Structures are given as structure tokens and as C-alpha cells.
Amino acid sequence: MGAWSARHRKTAVFGWLLFVVLASYLGGMHGAHKVTDAESMPGQVARAAKILDDAGVKSPAGETVLVQHPSLTADDPAFHAAVDQVAAAVRATGRTAGELGPYETGAVSADRHSALLRFTVDGADREAAVANVPAVMDAVAEARRQHPGFVVEEYGEASSGKWFSDQFKDDFARAEWTAVPLALGILLIAFGAVVAAVLPVVLAITAFVAAGGLVALGSGLLHTSDDASSVMLLVGLAVGVDYCLFYLRREREERAAGHDPATALRIAAATSGRAVLVSGVTVVVAMAGMFLTGIADFRAMSFATIVVVVTAVLGSLTVLPALLSMLGDRVAKGRVPFLHRLRRGAGDGSRFWNAVLTPVLRRPLAAAVLATGLLLAVAAPLLTMHTANLTFQQQLPRGNALVATAQRVEAAFPGSPAPATVVVKARDITSPEMTRALADLQSRALATGRMHGPTEVTVHAGQNVATVDIPLYGSGNDAVSAAALKVLREEVVPATVGAVPGTEAPVTGSTAGSVDFNRQMSDAMLPVFGFVVAFAFLLMLLSFRSLSVALTAVALNLLSVGAAYGVLALVFQHGVGAALIGTAGVGAVESWVPLFLFVILFGLSMDYHVFVVSRIKEARDAGLPTRAAVAHGIRSTAGVVTSAAVIMVGVFAVFGTLSMQSMKQMGVGLAVAVLIDATVIRAVLLPAVMTLLDERNWYLPRWLHRLPRVGAEPAPAGLPAAPAPHRPRPAPTAESRGGSPTMDG
């Protein structure tokens, strides 16, 4: 691929540009089909959504206005007048329906100082309701100004949906505008030249743009989501830059070593190009494991990530060699003098990593024991990890106005902020038997002491469907709410509406969604872990034809994932150090984050592993003993791995600064794991373990010799026969004087 691209430079470059433009244009014309409510959740929640969708019943976006006064009670005429004026202002917008005042529903707090006005916001779907709610929010704000001394605040599905929609757009834009310049700045420091720094970023961005169009085109068959777009940007930018960095640094290294441009490109294609291909396939295989979860959002994230990784690999192996062939030594143009002096002062190899590696290679057993002990200690908090679908209050940052309103409502009206909803589908929803069962459902639910009023029944006679809203005690995703839901599902519903022949009655709601999602995650964890680990092991076995290398890769990656889990639990669940990243412990980790992190990290960790071990094996195949090959491989890749890791950590850390808790957890978890992987794993544990194993690193049982040779190809002309760990620096060439870094140890 590299040789073809170098020979057909214009075809490769303009073909890539045409591909990006067409994919983006066609994707925009096609539009993105989003995951529906019925697809997004498992269990009874999915069944309830399917019943409502089939019946054409849209769940209205419920809103609540809290009216509160520190001294007046709901019985005072002034309080009553304030409630009536708020209701009139809401009604006057023409965007609401089903207004229910506190004096009709009894929604008055125990101390009589708070009351709730309930209504729904017009809209055929949630997006339409979000579009209509600003007018209602303005009316409530005006009513608040007219009643000084009263607390008049709105909270509900439409208003919170508006915040999420606006914040998602702002966060996504901030991530784009922060991550790209950050990656560019790191590359500028790494290369000391503008052209070499810009090239990987441009290719990564074009790969992301093309992948976005392809995902939109495929969304007719496999629906996408907003989360998938975020993940695609996150992973696409990180791996796209890394893949180009691996390739470009090897080509520059070979040029600085004295090879002509064509030979340098052939060596880069056969070594770093092959490592990029194996790394990309590993990420794709790992991401494919998310399809086993059976959850549409995970399928969307998996598909989007696979597409962007394949696109990034394709660009790195085709258009990048073509561009390098076109540019030649001009890739080192735009040299930054100050940065170049810093790089020369560092001695081209990393003094820091040399200082770390020397004692590790001298005492590998002690280094392995210490590093393993450190990682296990960091991973220990994962034993206490609690996962849940975070509530609205947990997702938003502290001090948010909607969170403050929700907390006031919860303080005045204890119980889950979102009720459980029993969706009843019957043969005849208006029959006397069903009418009695619906009434019995409400009375029995309240009699358990785990649920409270007011309950609300909505009957859709034409569709033979009814919904019963029953508030649960608890916060919504704690043990109290989960226990109440269990009683409702397993005792109350089967004894009432469930006893009527021909009736279905799944229970949905935020608590039900959290419980069902967690159960699905638990059920999917073992198959996904098994699939990812097994295929990663097989890929390493085929790529390096070594049982030891494959086992070591799996074990080291599991250690880094475990350490990331421990940090997640410590920071986001227990709040240790949370203030440093502008958040606080929320008592739980978002349900989908651990499994998602495992899949992503297992794929991305292989980037460095494949790149480093490929260099070690290359040196060993060229004639060096294993111990010398390990030293050479680690030293010669330390700089590029450090640069790649800093870019990944920087990009992921940007997501750790976003507003939503789930994005913070994902960004911090990925950043910590990559940092651990590139330092403790690659610079200490990997060389220590491989030094201890020595020639046993390349052990392959005789019965496995029949395995196909994946990617085994002869070394290209010009590849040194036996590279030395400390080979002398070649005479400076024109390109090395112009700023091309070398990777000599």
C-alpha cells in the first residue's frame, strides 16, 4: 500500500480528498437516524416503549413549577393568588396542556409552604417539546419577577432536555476547538517543525469528517446517537494523530539515519505501517465486542468508532505515504528554532526514559514486582465500584439552577423525582374488570409504604392502553427506589392488572431504566470481556507468532484497565480528588462507562504494545539477542510513545473538563489509563517482564506452528541487519539539520 501510494501520489491524495468530500456530502444529504427510546433501553423499559410506540401514544414532556414561600402557607390568599397567576401565565403561552394545580391534586408539602403546579409541554416528540419550552420558561420567569419573596421555579423533562441539548452542542464545540489546537501544539513540540506537526492533525480531521458522513449513511440500518458522535471525535482524533505520528516518525528517523527517501518510505511502510494496521484491527475487534451488549447506544458507539478507526488506518497507509513522497524533506519545513534547540538539547533520545529504563533492565524482577504492586493498589477501589444510570441532578455540575430547583422540590416533596410508570396493554382497557384492577393497582401500591401519591392514570381507550404514574420513595437510583420498584414489579402489578387475562403491564421510568440497564450490563460483561480478550490474544498470537507475547499483552492491558477502574471509583464515586477536576463524588459511576472503557482501552492499549513489541521483534529478527533487542526497542520507541501518549491524554483530558458527569468520567478514565499504559506499563513492566522471559518471549508450541503468518514479509532493502542499542549518530544530513528528530537511544 505504501509503495503504490508513493508511485501514484496524485491519485492517492486526490482520491482521498474526493472520498472525504463525497462521504461528507452524501452523509449530510442522507441525514442521521437517531436511536429511538424503544431501542435505547433493555428489559421491561424497552417493552413499555414498544407498546406506546405501536399505539401511537407519545409520552408528554412533564413539567413542574414549584411555588414556595418561607412564611406564607398554601392556605393564605396571597399564596393562592400567586399559584393562580403562575398557572395563568403558563396557560397563556399556548404551548402547554393538562395543567393541574396543587389544590386539585393535593401537591402541597407537609409544612404547607410549598406547592407544585403540573402540566405537559406540547410537542409530538421530545425534540418538539424542547423547542416549545423556552416560551414557558420565560412566562415562569416573568411570574417570578412579579412575586418578590416567592420562589417560583420550573423543572421537568422539557426544561432539562433543553439544557442537555444546548450543553451538548456547547461541549462538543469546545472539545473540537480545544482538542485540535492541543494536539497541534504537542506535535509541534515533538517535531519542532510546522509541516510535520500539521500533517497528522489534518489527516485525523479529514478521517473524522469522512467517518461522520459514512456513519450518517449507515444510520438507516444501524441508528446512531449523540454519544456516538462524541466518542467518534474522541477516538478518531486520538488514533488518527497517533497512527500518522508512528508512520511519520519512523520515516523521519530513517531519513536522518542516511537512507534515501524511497528506502525510508519502504522501511516505514513495512514496520510502522504494519504496526498501524495491526493496531487498527485490534481496536476494531475490541469495539465489535460492544455489539454483544444488545443495547442500541452501544451498537451506535461501536459502529461509529469502527468506521473512524478504519478510515484513519486507511488514510495513514495510503495518503500519508503519498504526501511524504510528495513533500520529501520539505516535511521538516517551518522549523521553530527555540523548539528545535530544546530537542537537540535532549539528545534525540529521551534522557528521562533512559534513566528509568537502565535500573529496570538491571533489576527486572524488582521492577516487575514494584510496578505490579503499584497497579494493583491503584486498582483496589474497583472492588467497591457502584454503577447506576446517573440522575439528572448527578449528571449536571454543582451550582446548576435546574439542580438547585430539583433539590428544593425533593426537599419539600420527598421521594423519587420521576415516578415509575406502569404501561398497561389490555384486550379492553375500559372493561369493568380492568377499571377495578387499575384502581386496585393504585391502592395496593400506596399500601406497601414504598410508594406515595399522587398517582395518576391516563387511559387511551382507542388503543386499549393505559399508563399509571406511581412515585417511588428514594432518590431515583438508590437502594430505596430499587426496592420499591421490585415490589411494584413482582408483587403489586402481578396481583392487580397482571391478573387480568390478556394483559401486559411492563414498568418503566428512570428507576426502572437504571435497574434494567445495570442488569443488562452485568449480563453482557462476561461475553464482551471474553470476546475482546480472546480475539486480542488471537491477533497478537498471529501477528508475533509467540504465545508469551500474546499472554503478556493481555495481562498488561488488563492491569491498566483495572487501574483506570480504580481511579474512576475513587474520584467519581468516593470524591477523592474530585475537586481538582471541578466535580464532586456522586456516589456512582455511570452504568455504561466501565464496559465502554474496557473495550476502548483494550483496543487503544494495543497501539503502544504493537508498536513497541514490533520494534523489539524487528531488532531480534535482525540478529540481536532478546535482552539487547528489548533495550533497543524500548529506547528507540520511547520518544514516539511519549508524544503519542501525551496527545491521547490531552485529547481525553479535554473531555474530562466538559459539563456532563458521564463525559467527565469517560474522559478522565481514558486519560488516566493511557497515562498509566504509556509510563508504568510500557516503560517499566513490559521491559521488565520481557527481560525476565528472555528467549522464552518467542515461545510457540510446535502444534501452533501451523498458524498462518499474518503480515510476515521480508524486510525491505535498506533495513539494517543488526541494529545496536547505542549505535553511533550518523553524520548530520540536510534534513536532520533542518529539524528532523531521530529516535536513536
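Which strands does helix α8 (residues 157-191) lie across, and at about what angle does α8 run to β1? Helix α8 lies across β1, β3 and β4, and it runs at about 105° to β1. Keep in mind that what you're looking at is a predicted model.

Let's look at the strands themselves. Four of them make up an open sheet, and reading across you get β2-β3-β1-β4, with antiparallel pairing. At the edges sit β2 (96-100) and β4 (151-156), each of which pairs on one side only. On average, neighbouring strands here are turned by 25° against each other, direction ignored. If strand pairing is new to you: strands of a sheet pair through backbone hydrogen bonds, either parallel or antiparallel.

Now zoom in on one pair. Strand β1 (residues 61-68) and β4 run antiparallel and are joined by six bridges. To find your place there, look for L66, which stands opposite E153 in β4.

Helix α5 (residues 77-92) lies across β1, β2, β3 (114-121) and β4, and runs at about 10° to β3.

## Two helices packed together

Next up are helix α10 (residues 226-256) and α23. Their axes come within 12 Å and cross at roughly 5°. That angle is under 35 degrees, so α10 and α23 count as roughly parallel to each other.

Who makes the contact? On the α10 side, the residues include V231, V235 and F246, while α23 brings in F596, I600 and L604, among others. Sorted by class, this contact has ten nonpolar, no polar and six charged residues.

## The nonpolar cores

Which residues touch the most other members of the largest nonpolar core? They are V422, L488 and F652, in a core of 192 residues. Helix α23 (residues 593-621) gives the most to this core, with 18 residues.

Take F652 as an example. Setting aside its neighbours within four places in sequence, F652 is in contact with L234, A238, L604, G667, L670, A671 and V674. There's also a second, separate core of 23 residues, and V65, A82, A129 and V152 are among its members.

Definitions and conventions. Residues are numbered from 1 along each chain as its sequence is written. This is a predicted model: local features need pLDDT of at least 70, side-chain atom pairs count only at pLDDT 80 or more; totals for chains, interfaces and linings use all residues. Side-chain values use heavy atoms; hydrogens and water are left out. Two strands pair if DSSP finds at least two bridges between them. Helices (H or I, at least four residues) and strands (E, at least two) are DSSP runs, numbered from the N terminus. Axes are lines fitted to C-alpha atoms, for helices over the stretch in contact, and angles run from 0 to 180 degrees between N-to-C directions. Contact means heavy atoms within 4.5 Å. A nonpolar core is a set of buried Ala, Val, Leu, Ile, Met, Phe, Trp, Tyr and Cys residues joined through side-chain atoms within 4.5 Å. Buried means under 20% relative accessible area, exposed over 50%, partly exposed in between (1.4 Å probe, protein chains only). Angles under 35 degrees count as roughly parallel, over 145 as roughly antiparallel, 65 to 115 as roughly perpendicular and the rest as oblique. Ala, Val, Leu, Ile, Met, Phe, Trp, Tyr, Cys and Pro count as nonpolar, Asp, Glu, Lys and Arg as charged, and the others, Gly among them, as polar.
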